[in-house]
Amino acid sequence: MARPGNKIIQAKLVLLGDMGTGKTSLVLRFVKGQFFENQEPTIGAAFFTQILSLQEATVKFDIWDTAGQERYHSLAPMYYRGAAAAVVVFDIASKDTFIRAKKWVEELQRQGNSNLVMALVANKSDLEPSREVDTEEGEEFAQENGMFYIETSAKTAENINDLFYEIAQRLAKACPSKPSTMNLNNEVQHRRKLFCCFG
Amino acid sequence: MYGTQSKRDLALEFQSQIPILRPSIHARRANLTVKFQDLYGFTVEGNVDDVNVLNEVREKVRKQGRVWWALEANKGANWYLEPSISEGIALKSSLKFSTLANAITLKRLIRKGIPPLLRPKVWFSLSGAAKKKSTVPESYYNDLSKAVEGKVTPATRQIDHDLPRTFPGHPWLDTPEGHAALRRVLVGYSFRDSDVGYCQGLNYVAALLLLVMKTEEDAFWMLAVLLENVLVNDCYTNNLSGCHVEQRVFKDILVKKCPRIATHLEALDFDVSLVATEWFLCLFSKSLPSETTLRVWDVLFYEGAKVLFHVALAIFKMKEDELLLTHHVGDVINILQKTTHHLFDPDDLLTVAFDKIGSMTTNTISKQRKKQEPAVMAELDQRLRRLNSLKLDDK
């Protein structure tokens, strides 16, 4: 619930990454606290909402969870357009998914906005014995690209809340608290809402 | 291989096993959510009203079955399979009056639903799958299955990954037998058309086809006729260009047929493709209850891909008043999702789709597709070039 006198941030968040990296599972864990071993593949995209209350703001997430198969790539712009935050996911047990994640980051940097909060998520940390991507490698890439890096497991729930809290915090920081109803990005004028604050 | 007999038994079993549910007055008062299995074995979660609707639908399906049997008795068995009727949309003046009358009867009959037990036969014939199959040697499917056995391609790897994720928990699909059958159909098709290979979404479509058709081989041919003849080209290939075209055409039609909704959604910056892409690629199998999905497919296989526009428009149309009151993208999606998940009575949807939307000819839609194609190609091409320039920068 929103704390009285607290600002409210409405933020669009998009999840991108190769098929089977656990995008839907991450969201379901965060939004409903659920996990299914056999999560149905997402077609097009799925939509979720969740609210996070911080000390300084209440963040209302509109979450777009996208399809991972390569050919669905051509639909992605529709989903990341106007996003305030992007979560790029790979599977620690698959090098290929990390390579794909890097491509997503490059694409986002070119077409997204410079204020985009980006997270690089190394999911399936419960699969440590079959790890193919080292923590250092992930961290280094994230740092070079101005993102934060986190290792999660939707299965065990490890770091899932931390991931979204960190994003919420970064959004709150980017969103000044003084004036009421202020639009942060001038793109809003083109009716592409990035995120806005209500006093 | 799973036998013909076991498949039919399965369908019958589902139908006989399911008792008429009579929720108690307490359940009604408490507005409880109950879980139950529908006609095709899917677990459905719903409230007491949903259960009642499903019971009514079951009764309507039985009645509709009696109508079909009565017509068979009157016009002779398989009257609808006579080529001049099943292809009867081309109504030439040279046709006999009785043929014409039969074609009109059939169209109306199909919009009211094909009884589940007749579906395999009627679909197979009216969709053109039977004809397609008859052009190749009898052993085509078995030869194909044998030839591709043990081969590993990117497509087979993705198919294997998705097998246990396709309608998990279904009493037949989610068994080793179900997985194996679905795998053979999808892998077989990925070799038949390497441009399509495997596209996610086809797993749901093929799974439902397996549940309806009596044999795995017939399910395969239904998939083939669907992708090669019924739907627009390139819906599932490399960059989904056909799907992009359909989405653009859909947007134009929405503006024309539901202008108030279109204007409102535009003002919310809501792109209808956000929800409609899944509808078109999974042919509603992921959003509508099973019997409702199959009723849509009944018409799809007879009247063609324009049916998808009718149904998609109907979903918006049914909720016009509610949609016009929304202020937020999330609310729009919630309304649409809630609506589709609870459309247990197929007639609620199909009445709107065909009586309230007004007619759209395949011809008009083809013209609109032609108009959109160059724009889609240009957009996809531009995007590809932008991505390639990213790669060049890396070097």
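Domain bounds are those of an automatic or database domain assignment. The model is predicted, with local features requiring pLDDT of at least 70, side-chain atom pairs counted only at pLDDT 80 or more, and totals for chains, interfaces and linings using all residues. Residues are numbered from 1 along each chain as its sequence is written, chains are lettered from A and ligands numbered from 1 in the order in which they are written, and side-chain values use heavy atoms, without hydrogens and water.

**View 1. The second largest cavity lies between domain 1 (4-127) and domain 3 (241-380) of chain B, because both give residues to its lining.** By class, the lining has 5 nonpolar (Ala, Val, Leu, Ile, Met, Phe, Trp, Tyr, Cys, Pro), 3 charged (Asp, Glu, Lys, Arg) and 2 polar residues (the others, Gly among them).

**View 2. Helix α5 (residues 97-111) of chain B packs against α16(B), their axes coming within 8 Å and crossing at roughly 150°.** Axes are lines fitted to C-alpha atoms over the stretch in contact, with angles from 0 to 180 degrees between N-to-C directions. The pair is therefore roughly antiparallel (over 145 degrees; under 35 is roughly parallel, 65 to 115 roughly perpendicular and the rest oblique). In contact (heavy atoms within 4.5 Å) are Ala103(B), Leu106(B), Lys107(B), Ile110(B) and Arg111(B) of α5(B) with Arg295(B), Asp298(B), Val299(B), Tyr302(B) and Glu303(B) of α16(B). These divide into 5 nonpolar and 5 charged residues, with no polar ones.

**View 3. Helices α8 (residues 140-148) and α12 (residues 216-230) of chain B pack at about 90°, with axes 10 Å apart.** The two are therefore roughly perpendicular. Tyr140(B), Tyr141(B) and Leu144(B) of α8(B) meet Glu216(B), Glu217(B), Phe220(B) and Trp221(B) of α12(B).

Note on methods: Helices (H or I, at least four residues) and strands (E, at least two) are DSSP runs, numbered from the N terminus.
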